Each structure stands twice: as C-alpha cells, then as structure tokens.
Amino acid sequence: MSLLSRLILRVTGWGWVRSIFTRRFGRRVAMRFVAGETLDDAVAATRALNAQGFTVSLDHLGEHVTTTDEAIGARDDYLACIEAIRAEHLDANVSVKLSQLGMGLDDDLAAASLEALAVAAAGAGTTVTVDMEESAVTGLTIDLYERVQRRYRNLGLALQAYLRRTPADLERVMALGGHIRLCKGAYDEPGDVALESKAEVNEAFDRLAAVLMANQDVKPAIASHDEERIDRVAGTASARRGPFEFQMLYGVRGKFQAELVAAGHPLRVYVPYGDSWYPYLTRRIAERPSNVWFFARALLGR
Ligand SMILES: Cc1cc2nc3c(=O)[nH]c(=O)nc-3n(C[C@H](O)[C@H](O)[C@H](O)COP(=O)(O)OP(=O)(O)OC[C@H]3O[C@@H](n4cnc5c(N)ncnc54)[C@H](O)[C@@H]3O)c2cc1C
C-alpha cells in the first residue's frame, strides 16, 4: 500500500474528520460506490445489474459493532436481505463481515448468526461470503468460518493476497470447498504482516490465483479491477472444469465490467447498501487516491 493510501486511511479514521464528512457532504460521495441506504435500493440495483448479465453480492454495510443488540440487528438485516433475494428471484448472494455479527465481542453469537445466515441462504438457493477484515482478526475469522462451513458447505471466504500468511490460509480453507474470493487487500497493515510494494502484491496475487484456478474442488472468485491480473486468469480459464467468476465493486470501472460480460466472462458485482458507509468509502478512496477529488468536488458543491 502506498504512503499516500496509508495517510488517507489514517486521516479519515480520525473522529473529527469522520464527523465532518458524515454530517456534511460525504453521503453524496458515498453514493458513487453504494447502491443506496435501504434494502429496496439494493433490490433495485440488483435487478438492474442482473438484467445486464451480472450476478451480485449484496453487502449490508457495517463492521465492528459494539453491542450484542447491534450484532443481532445486523444478523436480522441480513436475514431480510436473503429473504428479498428469494422473494424477488434475484441472482445474488450476500457478503458479510464477521465483526458486524459480533466477532470479537461475542464469538459464539457471531458463529450462531453466521449459521443462521447459512441456513437461510440454503433455503433461498444462495450462498454467503465472509469478507476478510484487518489482519488482527484474520485467524479468528477463519476459525469461525471453518466452524460453520464444515457443517453447511454453502459459505465462501475472502482472502487477501497482500498478507504473508495467505498461502498457508489458502491451503487450509480450500480443504473445505466453497467459493474463495481472492482480493489484494484493503487495510493499512505493517510490513511484517503484509507485502508492501505493488509489484510484490501483484506477484502474490498471480501465484495464489493460479493455485485457486488449478483446484477443481473450490469455486475461485477473482476479485480485482486490475486488467493484467484478470487477463492472466482469463488465459487459464479454458483449463478449468468447474465454475469460477470475476468479481468487481459497484461503481468501479463500470465500462470494463460491461466489456468482460460482453466477452462472455462471469462477473459478480459487489453491491454495498445501508447507512454505515463511511469506513467502506474510506477504503475505496485510499485504493485510488485520485478519488480524493470526489471529496473535494463535493465540498465545493459541484
Ligand atoms: C468484489 C470485491 C470484494 C472485495 N472484498 C474484500 C475483502 O473482503 N477484504 C479486503 O481487504 N478487500 C476486499 N476487496 C478490495 C481489494 O482488496 C482491493 O483493495 C481493491 O479491489 C483494489 O485492488 P485491485 O485488485 O482492483 O487493484 P488495483 O491495482 O488497486 O486497481 C487496479 C485498477 O482498478 C481501478 N480501481 C481500483 N480500485 C478503485 C477504486 N476504489 N476507485 C476507482 N478505481 C479503482 C483503478 O483503475 C486501478 O488502476 C474487494 C474487492 C472486490 C473487487
């Protein structure tokens, strides 16, 4: 991660900066990357994307809850989302952060809630992907994921190419099947935990993607907007017997997304919704520091 990206994540993490952005003009900027604040907004966005040939993963925004009531509320919001997928016949699954379900606060509650989502998703004919958060919770996330996946088998997990531990984690989670999302990683991590240069992260991504694509017992989900990474994977796709997909974020490289689908590639769009958009937005800004201009333009009222 570049120094500028790190700086953006640190500054946007300060309480007073968050308070100004969320109270004043941040919402307008966020809506470039977020489908809206309600489940109805998310359903409408999913319908539109499905009609254009994309599948969807719905993310009800939120992370690091501080009370069990909030954790239970997050589980119920996800259950409502899965019910909407079923009732509206959407071609979508859900993505969830375990810290939103209470991981770190009450791990048994988080595991029980993930189980409830796995059961509901199975009933709706869909799946649940567990997002990967900062490295302090990687081990715990994998432990809780394994606990539920071992029993229900309709979960998937995100792994981050930038973490030094990921090659071992990948071997471990591939043993449980499911879908595995490979992304580069979006958090500010120290050098002893994560690779630091772009070149090293890209090389790790290519290596891990090749391992995933060679495994016929899992469904690889290659989550990147990086053309070179995608071209390499696309080049190996014909050797795969099982399914795989590309994944990209709502509001990022829309034209490129459409081109991939037009070329016949399966592409799932990650669609966040809800009012807790601030931490998600800061990661999107940090990934591409030129996005800071969206903030600046919103501030100037343009
Ligand atoms: C579907 C999906 C799920 C993800 N889930 C997780 C997760 O669970 N945990 C996690 O840590 N990270 C997650 N990420 C984020 C990921 O780790 C990266 O931070 C992010 O995707 C940027 O990396 P990149 O592979 O697109 O490559 P980059 O080299 O960062 O970007 C390649 C090109 O894509 C464009 N681009 C990338 N990001 C942006 C942006 N924000 N705004 C505008 N243009 C952009 C730019 O043109 C850039 O040059 C996810 C990403 C995707 C696509």
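Trainee: In which sense do strands β5 and β6 pair, parallel or antiparallel?
Mentor: Good place to start, and keep in mind that this is a predicted model. Strands of a sheet pair through backbone hydrogen bonds, either parallel or antiparallel. Here β5 (residues 179-183) and β6 are joined over four bridges, and Ile180 stands opposite Pro220 in β6. The sense of the β5-β6 pairing is parallel.

Trainee: Which helix does the chain pass through on its way from β5 to β6?
Mentor: Follow the chain onward from β5 and you meet a helix at residues 198-214 before you reach β6. This β-α-β crossover is right-handed. The helix in question is α9.

Trainee: How many of the five residues of β6 are buried?
Mentor: Look at residues 219-223, which make up β6. A residue counts as buried if 20 or more other C-beta atoms lie within 10 Å of its own. By that test β6 is mostly covered, and the number of buried residues is four.

Trainee: What do the strands from β1 to β8 form?
Mentor: List them in order: β1-β2-β3-β4-β5-β6-β7-β8, with parallel pairing. From one strand to the next, the twist averages 30°. Together the eight strands form a closed barrel.

Trainee: Which element gives the most residues to the shell around the ligand?
Mentor: The ligand is surrounded by 24 residues, and the closest are Asp131, Ala158, Cys183, Ser224 and His225. Elements that give two or more residues to this shell are β4 (155-160), β5, β7 and α12 (278-287). With three residues, the one that gives the most is β7.

Trainee: How many charged residues does that shell have?
Mentor: Sort the shell by class and you get ten nonpolar and six polar residues, along with the charged ones. The shell draws at least three residues from each of domain 1 (1-33 + 277-302) and domain 2 (37-274). As for the charged residues around the ligand, their number is eight.

Notes: Residues numbered from 1 in each chain as written. Predicted model: local features only at pLDDT ≥ 70, side-chain atom pairs only at ≥ 80, totals over all residues. Buried ≥ 20, exposed ≤ 12 C-beta atoms within 10 Å, placed from the backbone. Pairing = 2+ DSSP bridges. Right-handed = clockwise from strand over helix to strand, strands pointing away. Near = placed C-beta within 6 Å. Nonpolar A, V, L, I, M, F, W, Y, C, P; charged D, E, K, R; others polar. Domains from an automatic or database assignment. Axes fitted to C-alpha atoms, helices over the stretch in contact; angles between N-to-C directions.
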